[in-house]
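Hi everyone, thanks for making time. Please bring up the model on your screens, and I'll walk you through a few spots in it.

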Amino acid sequence: QVQLVESGGGLVQAGGSLRLSCAASGRTFSNYAMGWFRQAPGKEREFVAHISKSGSYTHYATSVKGRFTISKDNAKNTVYVQMNSLKPEDTAVYYCAATGRAYVAGFGIGDYDYWGQGTQVTVSS
């Protein structure tokens with residue numbers, strides 16, 4: 001089992017940047033691949049980014065590709081997402097998630113075993 005705690009959310013103007021962090025504990029962090037999801041009011045939780053156990057592979061939703069960067073520091077048991085060129089439509093609660101699976105095909109919520117509580121990101125226009 002792994003526990004996840006997100007931080008770094010806040011209010012930012014359109015075009016600005018934020019970096020979210022997700023600290024993990026409970027198991028060896030390097031054994032888990034990590035993902036970021038977000039959920040806006042009235043909408044389903046959607047995939048944002050994924051990083052493999054080693055950090056060698058990353059995958060992004062089309063809506064954030066080129067603007068967001070996911071990274072993983074196994075020594076610090078932390079996964080990050082650097083969010084640049086933020087848009088109002090990026091406003092959501094952002095969640096980190098962990099999976100022990102060796103392979104993730106669709107990057108859906110069912111592919112991840114553990115979830116954090118979320119951190120609010122608000123982008124003003």
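Which residues form one aromatic cluster? They are Phe37, Phe47, Phe107, Tyr112 and Trp115.

Before going on, a word on the ground rules. This is a predicted model, where local features need pLDDT of at least 70 and side-chain atom pairs count only at pLDDT 80 or more, while totals for chains, interfaces and linings use all residues. Residues are numbered from 1 along each chain as its sequence is written, and side-chain values use heavy atoms, with hydrogens and water left out.

Back to the rings. Rings of Phe, Tyr and Trp (for Trp, its six-membered ring) pair if their centres lie within 6.5 Å; planes under 30 degrees apart are stacked, over 60 edge-to-face, and the rest tilted. By that rule there are six aromatic pairs. One of them is Phe37 with Phe47, an edge-to-face pair at 5.6 Å centre to centre and 75 degrees between the planes. This pair links distant parts of the chain, with Phe37 in strand E4 (residues 33-39) and Phe47 in strand E5 (residues 46-51), 10 residues apart. Strands here are DSSP runs of at least two residues, labelled E, and numbered from the N terminus.

Buried means under 20%, exposed over 50%, and partly exposed in between, using a 1.4 Å probe and protein chains only.

Now look at Arg45. Its charged end sits over the ring of Tyr95, 3.7 Å from the centre, and also over the ring of Trp115, 5.1 Å from the centre. For an Arg or Lys, that calls for CZ or NZ, respectively, within 6 Å of the ring centre and within 35 degrees of the ring normal.

Next, the disulfide, meaning a pair of cysteine sulfur atoms within 2.5 Å. The structure holds one: Cys22 and Cys96, with sulfur atoms 1.9 Å apart. Cys22 is in strand E3 (residues 18-25) and Cys96 in strand E9 (residues 92-99), so the pair ties together parts 74 residues apart in sequence. The torsion about the S-S bond is about 50 degrees, so this disulfide is right-handed. Cys22 is buried at 0% relative accessibility, and Cys96 is buried at 0% too.

Last stop: Thr78, in strand E8 (residues 78-83). Thr78 is buried, at 9% relative accessibility. Leaving out residues up to four places away in sequence, Thr78 touches several residues, including Cys22 and Phe29, where contact means heavy atoms within 4.5 Å.

Note on methods:
Helix = DSSP H or I, 4+ residues; strand = E, 2+ residues; numbered from the N terminus.
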